[in-house]
Amino acid sequence: MSQTVVPKPVRTAVPQVSGDLYAEVQTFYAHQMRRVDSLDIEGFADTFTEDGAVVHAGGNRQSGRAEMVAGMRASLPRYRGIAVRHWFDHLLIEVDGNDADTVRVSYYTLVTLTDSEGKVSFQPTFTVEDELVRRGGQLYTRERVIHRDEPVVAG
Amino acid sequence: MSQTVVPKPVRTAVPQVSGDLYAEVQTFYAHQMRRVDSLDIEGFADTFTEDGAVVHAGGNRQSGRAEMVAGMRASLPRYRGIAVRHWFDHLLIEVDGNDADTVRVSYYTLVTLTDSEGKVSFQPTFTVEDELVRRGGQLYTRERVIHRDEPVVAG
Amino acid sequence: MSQTVVPKPVRTAVPQVSGDLYAEVQTFYAHQMRRVDSLDIEGFADTFTEDGAVVHAGGNRQSGRAEMVAGMRASLPRYRGIAVRHWFDHLLIEVDGNDADTVRVSYYTLVTLTDSEGKVSFQPTFTVEDELVRRGGQLYTRERVIHRDEPVVAG
């Protein structure tokens, strides 16, 4: 290593992801978020495996599509008069070393709520960790863990 | 594949997009949005085909670059003292089955308006459907239909 | 293809980027932003070359990791009680014509600040120009120039 420009290997190597996998994962989320944002509860649940699970930021765990559907139905009233949109960024994608059809993804999420006058408000930001599986050439979410972004240093 | 984890084929298959096409389309929008956000009206119009059209959320249709340029000129006063930025997310990209140079894209849009004091405000969110065409190796927008995001359940 | 719809070559060609490079650059930023947003100052500095530099929107230039670390330490108090997240969009990626390991990237940035009650506020938007270099198969930032987005027409 030439001392002048080559940095020391002080950080963990960043796993590389192919362009095709990057596009596949982004496309999966583009579909999944259209389902949830159109309040198509069954369509959204169908983007999970039958035994799929979501662990919400508060710690509540929903297991299986039926439980997910029931939970979403219960929260529908909060979207009365509101157009909700989930925005993602900074995907980190890692293929399981032992199973090319298991893919772990983490990403940032921003949620906008637009009322019928066009006023936009925001939910707190979140970071999400997903385990995706590929079945019959399609990705599904097997597990989703949602973390509310907290200050690093308390206020 | 073990039967227990295979989800039923209850949803339409998500069309796959190659990494190269994904990057090409994203790069096209990165250029196009720099044009519109810098209020480079002619430069923006040039990212459309000569007969390109935009259907605005209110239903107003602008056809051809000349009409687009006139419409943008008329709306310039609203950007006095304002830095506007268009943010995209969740691109769904589909190549036409009969013409590899026709690409349909839909995406989410968030628009920020930053005033000279640095205060950020937001336009309502939109979902956009584009038809792009590749001519001489470059993409152009042939048609853009802009939908304002509406509540699924009225308030 | 019918001649009538071919637009005149009135704009500069958009440089094409491969899907793999697009994913590599996005993945680099996903890692780098997790470092800065977790206030991992040394981890963030390590994503720059040893002689890396940041030119802030006000014109202040920090050269080398040590200076960067000192500058970030000094600004830590502003993140007390605040979860900060940097959101990127519209990456334009161009490989240096003479050196495949030098990559210039420009992108939009939106910064959210979420307080412990979950209230989200925003910094003004920025456009950033980076020069990245690939060393030992990993990207590093060699220079970053941050521009605050200004109105095109004064208010």
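**Entry 1. A starting residue**

I began with C:Arg61, which is partly exposed at a relative accessible area of 43%. I took buried as under 20% relative accessible area, exposed as over 50% and partly exposed as in between, with a 1.4 Å probe and protein chains only. The model is predicted, so I kept to its limits: local features need pLDDT of at least 70, side-chain atom pairs count only at pLDDT 80 or more, and totals for chains, interfaces and linings use all residues. Residues are numbered from 1 along each chain as its sequence is written, chains are lettered from A and ligands numbered from 1 in the order in which they are written, and side-chain values use heavy atoms, with hydrogens and water left out.

I then looked for the partner of C:Arg61. C:Arg61 forms a salt bridge with C:Glu143, with the closest N and O atoms 3.2 Å apart. For a salt bridge I required a side-chain nitrogen of Lys or Arg within 4 Å of a carboxyl oxygen of Asp or Glu. The pair links distant parts of the chain, 82 residues apart: C:Glu143 is in strand 7 (residues 138–148) and C:Arg61 in strand 2 (residues 61–63) of chain C. C:Glu143 is also partly exposed, at 28% relative accessible area. Helices (H or I, at least four residues) and strands (E, at least two) are DSSP runs, numbered from the N terminus.

**Entry 2. Other salt bridges within chains**

I looked up C:Arg73 next. The side chains of C:Arg73 and C:Glu42 meet in a salt bridge at 2.4 Å, N to O. This pair links distant parts of the chain, with C:Arg73 in helix 3 (residues 65–75) and C:Glu42 in helix 2 (residues 41–45) of chain C, 31 residues apart. C:Arg73 counts as partly exposed at 44% relative accessibility, and C:Glu42 is partly exposed at 39%.

B:Arg104 is partly exposed, with 38% relative accessibility. Over all chains the rule gives 36 salt bridges.

**Entry 3. A buried threonine**

Is C:Thr47 buried or exposed? I have C:Thr47 as buried, at 2% relative accessibility. C:Thr47 lies in the loop between helix 2 and strand 1 (48–55) of chain C. Its side chain makes a polar contact with the side chain of C:Gln32 at 2.9 Å. A polar contact is a pair of N or O atoms within 3.5 Å; within protein, one must be able to donate a hydrogen and the other to accept it, and residues adjacent in sequence count only if both atoms are side-chain atoms.

**Entry 4. Chain A as a whole**

I counted 3 helices and 7 strands in chain A. Their order from the N terminus is α-α-β-β-α-β-β-β-β-β. The C-alpha trace of chain A spans about 60 × 45 × 30 Å along its principal axes. Chain A has 155 residues, of which 57% are buried. Among its contacts (heavy atoms within 4.5 Å) between residues at least 6 apart in sequence, 49% join residues at least 24 apart.

**Entry 5. Relation of the copies**

I laid chain A on chain C: a turn of 120° and a shift of 0.0 Å along the axis give an RMSD of 0.0 Å. The two copies are thus related as by a three-fold rotation axis. The superposition is by least squares on the C-alpha atoms of residues with pLDDT of at least 70 in both. The copies use different surfaces, as 11% of the contact residues of chain A recur in chain C.

**Entry 6. Interface of chain A and chain C**

The contact takes 37 residues from chain A and 44 residues from chain C. The two chains bury about 3,400 Å² between them, 60% of it on carbon and sulfur atoms. Buried area here is the accessible area (1.4 Å probe) that two parts lose on being put together, summed over both. I found 1 salt bridge between these chains; A:Asp149 and C:Arg85 meet at 3.0 Å, N to O.

**Entry 7. Interface of chain C and chain B**

Here 38 residues of chain C meet 44 residues of chain B. The buried area is about 3,500 Å², with 60% from carbon and sulfur atoms. The side chains of B:Arg85 and C:Asp149 meet in a salt bridge at 3.0 Å, N to O.
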